[in-house]
Amino acid sequence: MANHKSSLKRIRQDKKKALHNKYYAKTMRNAVRKLRALTDKEEAVKLYPTVQKMLDKLAKTNIIHKNKAANLKSSLALHVNSLG
């Protein structure tokens with residue numbers, strides 16, 4: 001157990017941040033899953049910019065790695081373009 005006031009506060013802050021980050025990461029995963037499940041090109045083209053924006057924001061705040069965001073955006077763009 002921590003002995004210092006500052007380390008106790010740091011533990012509290014880390015728990016709060018982890019919960020916050022987990023929420024946004026899960027929301028992003030659900031959005032990606034939803035986009036991949038779409039078969040209608042028109043809907044996918046409409047949803048893609050919002051998912052792309054979400055990925056960029058999460059990469060910017062280091063919730064996900066910037067390369068992971070780039071890889072996801074690339075694979076989603078391929079998926080959207082492959083729809084007939």
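Is Asp-56 buried, exposed or partly exposed? Select it and see: this is a predicted model, and in it Asp-56 is partly exposed, because its relative accessible area of 35% falls between the 20% and 50% cut-offs.

Colour by helix and you'll see that the pair ties together distant parts of the chain: Asp-56 sits in helix α2 and Lys-73 in helix α3, 17 residues apart.

Next stop, the core. Pick Met-28, Leu-35, Val-51, Leu-55, Ile-64 and Leu-76: these have the most contacts inside the largest nonpolar core, a set of 17 residues. Helices α1 (5-37), α2 (41-60) and α3 (66-82) each put in at least two residues, and α2 gives the largest share, with six. As background, nonpolar side chains in soluble globular proteins tend to be buried together.

Now zoom in on Leu-35. Ignoring neighbours within four places in sequence, show what Leu-35 is in contact with: Ala-44, Leu-47, Tyr-48, Val-51, Leu-76, His-79 and Val-80.

Last, the largest pocket, which holds about 170 Å³ of space. To outline this pocket, select His-20, Asn-21, Tyr-24, Lys-53, Met-54, Lys-57, Leu-58, Thr-61 and Ile-63. Both α1 and α2 supply at least two residues of the lining, and α2 has the largest share here, with four. Colour the lining by class and you get four nonpolar, three polar and two charged residues.

Methods. Residues are numbered from 1 along each chain as its sequence is written. This is a predicted model: local features need pLDDT of at least 70, side-chain atom pairs count only at pLDDT 80 or more; totals for chains, interfaces and linings use all residues. Side-chain values use heavy atoms; hydrogens and water are left out. A nonpolar core is a set of buried Ala, Val, Leu, Ile, Met, Phe, Trp, Tyr and Cys residues joined through side-chain atoms within 4.5 Å. Buried means under 20% relative accessible area, exposed over 50%, partly exposed in between (1.4 Å probe, protein chains only). Contact means heavy atoms within 4.5 Å. On a 1 Å grid over the protein atoms alone, a cavity is a set of points where a 1.4 Å probe fits but cannot get out, and a pocket is an open set with protein on both sides within 12 Å along at least five of seven lines; lining residues have an atom within 4 Å of a point. Grid points are joined across faces, edges and corners, and a volume is the space filled by probe spheres set on the points. Ala, Val, Leu, Ile, Met, Phe, Trp, Tyr, Cys and Pro count as nonpolar, Asp, Glu, Lys and Arg as charged, and the others, Gly among them, as polar.
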